[in-house]
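Please read this briefing with the sequence and the model side by side.

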Amino acid sequence: MASSFTTLNLNPYSSFGSASNGEINTKKKIEIKMNMISPPSKNGTRFKAMKFKGTRMREKQLTEMIEQKVVEANQVCGEDETSDECKVAWDEVEEVSQAKADLRLKLEKLQQDPLESFCQENPETDECRIYDD
Amino acid sequence: MAVSTVHTVQSLSSTCSISNPTKSHLGFNQKQLVFFKKTTTTTRRATTVITCSAGDTVVIGLAADSGCGKSTFMRRLTSVFGGAAEPPKGGNPDSNTLISDTTTVICLDDYHSLDRTGRKEKGVTALDPRANNFDLMYEQVKAIKSGVAVEKPIYNHVTGLIDPPELIKPPKIFVIEGLHPMYDARVRELLDFSIYLDISNEVKFAWKIQRDMAERGHSLESIKASIEARKPDFDAYIDPQKQYADAVIEVLPTELIPDDNEGKVLRVRLIMKEGVKYFNPVYLFDEGSTISWIPCGRKLTCSYPGIKFSYGPETYFGHEVSVLEMDGQFDRLDELIYIESHLSSISTKFYGEVTQQMLKHADFPGSNNGTGLFQTIVGLKIRDLYEQIVASKSGAPLEATKT
């Protein structure tokens with residue numbers, strides 16, 4: 001199996017040059033993309049994609065919940081670190097942190113407001129008011 | 001005389017409809033059982049067509065502690081099948097479900113029996129089985145697998161409440177993703193393939209720092225405390241599932257850089273169970289042997305810290321497994337293609353398919369190391385498994401055409 005490939009021209013670009021779907025980028029872009037380990041800048045790309053009031057509300061709500069729940073967890077665990085209440089409190093922190101990260105990821109990677117399809121069907125709802133920064 | 005083999009025994013009443021078409025027509029998709037009844041006295045042949053959704057849905061379980069819907073793994077997997085996975089159109093905007101042409105991915109958090117308030121009251125975390133309705137999970141996965149649509153609840157991660165259900169129709173590939181896909185034995189039986197994503201503590205810590213440090217409420221201490229507090233439940237309820245998985249992707253810190261604690265360079269092990277139906281483990285050079293391979297050398301130049309592979313048979317929780325391991329990262333396209341060309345049994349349909357899939361998602365985390373590589377390969381393996389299952393099922397009706 002492996003041996004049959006060594007006789008082919010291993011120029012990595014010859015097989016992809018004719019890709020018509022435009023998905024294969026130039027060499028430089030690929031190198032840059034592959035070197036990116038951490039997500040791009042916190043502000044610019046995310047806020048560009050945010051369009052609807054509902055998304056802005058969710059983002060705010062999650063941010064506030066993270067702060068609030070960390071404070072709560074520290075309080076509860078201060079009393080008894082081994083209690084069930086303590087582990088539930090930190091589990092909540094994890095849940096909202098992950099939810100926030102998911103939202104951030106959707107905005108940055110999809111470059112689209114997650115409410116886009118919902119708002120197409122329901123443009124009149126309060127959540128779907130266009131968000132003005 | 002023509003009787004086709006019934007390959008699954010279902011309760012026919014719930015999923016089937018019976019019709020007597022005036023013209024006999026043979027629509028041989030997998031979902032129809034056609035019974036011919038030849039009456040002895042007349043030449044007229046009565047045809048009864050029983051249409052069953054006999055279920056050609058393949059069910060995949062993915063255990064991961066990284067929430068649902070964000071999953072890079074899911075996006076890679078659905079991409080292998082073609083098409084982008086998107087949330088259901090026009091439904092609950094907080095739905096965790098992803099749907100593409102061939103694949104539907106649901107989040108098992110939707111089967112929480114206790115919402116956030118309920119869990120707080122009872123003092124149980126989301127990791128605890130007591131917070132989850134396994135009976136409902138089993139019923140609905142079974143229904144989907146046998147071709148019946150279900151109304152599945154939605155767990156809203158923003159409000160922490162359980163929202164009204166959404167309709168899930170049986171897809172070709174049904175993926176159940178979450179904390180407990182293999183916890184319940186009945187659900188386990190329904191899985192055609194299962195994967196466990198095993199992130200070591202050091203890497204988990206590094207990733208959560210990356211994820212949370214920018215948040216106002218968080219600090220190094222809070223991130224650490226959160227991981228520590230969840231660890232007992234995680235070890236008790238989630239971790240033991242890995243013994244049941246057909247494939248485990250284990251993510252560890254690199255051994256190439258001493259004291260690397262940033263979690264940027266990773267050592268990733270793809271642990272593949274032997275003897276799983278329709279699943280042929282990936283191998284390097286010589287199946288069943290033990291190999292250590294550093295591709296960087298005269299033909300391939302790599303930058304620091306380089307790439308190191310190993311492959312070999314091992315035992316994992318009493319099972320025979322094959323382990324393919326990659327330590328390091330690629331930073332060039334030709335490194336990736338070179339590595340792909342030396343791997344065997346990767347179930348690609350053309351040379352360079354793994355590389356092409358990786359490039360499609362070059363901005364996803366793990367695109368330059370073993371996590372992305374092995375997730376992509378597992379995606380291809382699942383496609384292969386799906387095609388084999390479909391091919392084996394369509395064997396039965398074809399018999400009927402002969403007679």
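The points below are grouped by topic, after a short note on conventions.

This is a predicted model, in which local features need pLDDT of at least 70, side-chain atom pairs count only at pLDDT 80 or more, and totals for chains, interfaces and linings use all residues. Residues are numbered from 1 along each chain as its sequence is written, chains are lettered from A and ligands numbered from 1 in the order in which they are written, and side-chain values use heavy atoms, with hydrogens and water left out.

**Chain A overall**

- Chain A has 6 helices and 0 strands, where helices (H or I, at least four residues) and strands (E, at least two) are DSSP runs numbered from the N terminus.
- Along the sequence, the pattern of chain A reads α-α-α-α-α-α.
- Of the 133 residues of chain A, 38% count as buried; buried means under 20% relative accessible area, exposed over 50%, and partly exposed in between, with a 1.4 Å probe and protein chains only.
- When contacts in chain A between residues at least 6 apart in sequence are considered, 66% join residues at least 24 apart, a contact being heavy atoms within 4.5 Å.

- Two packed helices are described by the angle between their axes and the distance between the axes.
- The axes of helix 5 (residues 84-110) of chain A and helix 7 (residues 220-238) of chain B come within 8 Å and cross at roughly 120 degrees; axes are lines fitted to C-alpha atoms, for helices over the stretch in contact, and angles run from 0 to 180 degrees between N-to-C directions.
- That angle makes helix 5 of chain A oblique to helix 7 of chain B, given that angles under 35 degrees count as roughly parallel, over 145 as roughly antiparallel, 65 to 115 as roughly perpendicular and the rest as oblique.
- Helix 5 of chain A passes helix 7 of chain B in a left-handed crossing, a crossing being left-handed if the near helix is turned anticlockwise from the far one by less than a right angle, and right-handed if clockwise.
- On the side of helix 5 of chain A, this contact is made by A:Lys87, A:Trp90, A:Asp91 and A:Glu94, and helix 7 of chain B contributes B:Ser222, B:Ala225, B:Ser226, B:Ala229, B:Arg230 and B:Asp233.
- By class, the residues of the contact of helix 5 of chain A with helix 7 of chain B are 3 nonpolar, 2 polar and 5 charged, where Ala, Val, Leu, Ile, Met, Phe, Trp, Tyr, Cys and Pro count as nonpolar, Asp, Glu, Lys and Arg as charged, and the others, Gly among them, as polar.

**Helix packing within chain B**

- Helix 2 (residues 72-81) and helix 10 (residues 370-393) of chain B have axes that come within 9 Å and cross at roughly 45 degrees, and the two helices are therefore oblique to each other.
- The crossing of helix 2 of chain B and helix 10 of chain B is right-handed.
- The residues that make this contact include B:Phe73, B:Leu77 and B:Phe81 of helix 2 of chain B and B:Val378, B:Leu380 and B:Tyr386 of helix 10 of chain B.
- The contact of helix 2 of chain B with helix 10 of chain B has 8 nonpolar, 5 polar and 2 charged residues.

**Disulfides**

- Over all chains the count comes to 3 disulfides, each defined as a pair of cysteine sulfur atoms within 2.5 Å.
- A:Cys77 is joined to A:Cys86 with an S to S distance of 2.0 Å, and the torsion about their S-S bond is about 105 degrees, so this disulfide is right-handed.
- A:Cys77 and A:Cys86 are both buried.
- A:Cys119 and A:Cys128 form a disulfide with their sulfur atoms 2.0 Å apart; the link is left-handed, with -80 degrees about the S-S bond, and both cysteines are buried.
- B:Cys296 and B:Cys302 form a disulfide with their sulfur atoms 2.1 Å apart, and this link is left-handed, with -95 degrees about the S-S bond.
- B:Cys296 is partly exposed, with a relative accessible area of 24%, and B:Cys302 counts as partly exposed at 21%.

**Burial and backbone geometry in chain B**

- Helix 8 (residues 333-342) of chain B is mostly covered, with 9 of its 10 residues buried.
- The peptide bond from B:Tyr304 to B:Pro305 is cis, with omega near 0 degrees, and B:Pro305 lies in the loop between strand 14 (291-293) and strand 15 (307-316) of chain B.
- B:Phe285 has a positive phi of about 65 degrees although it is not a glycine, and at 68% relative accessibility B:Phe285 counts as exposed.
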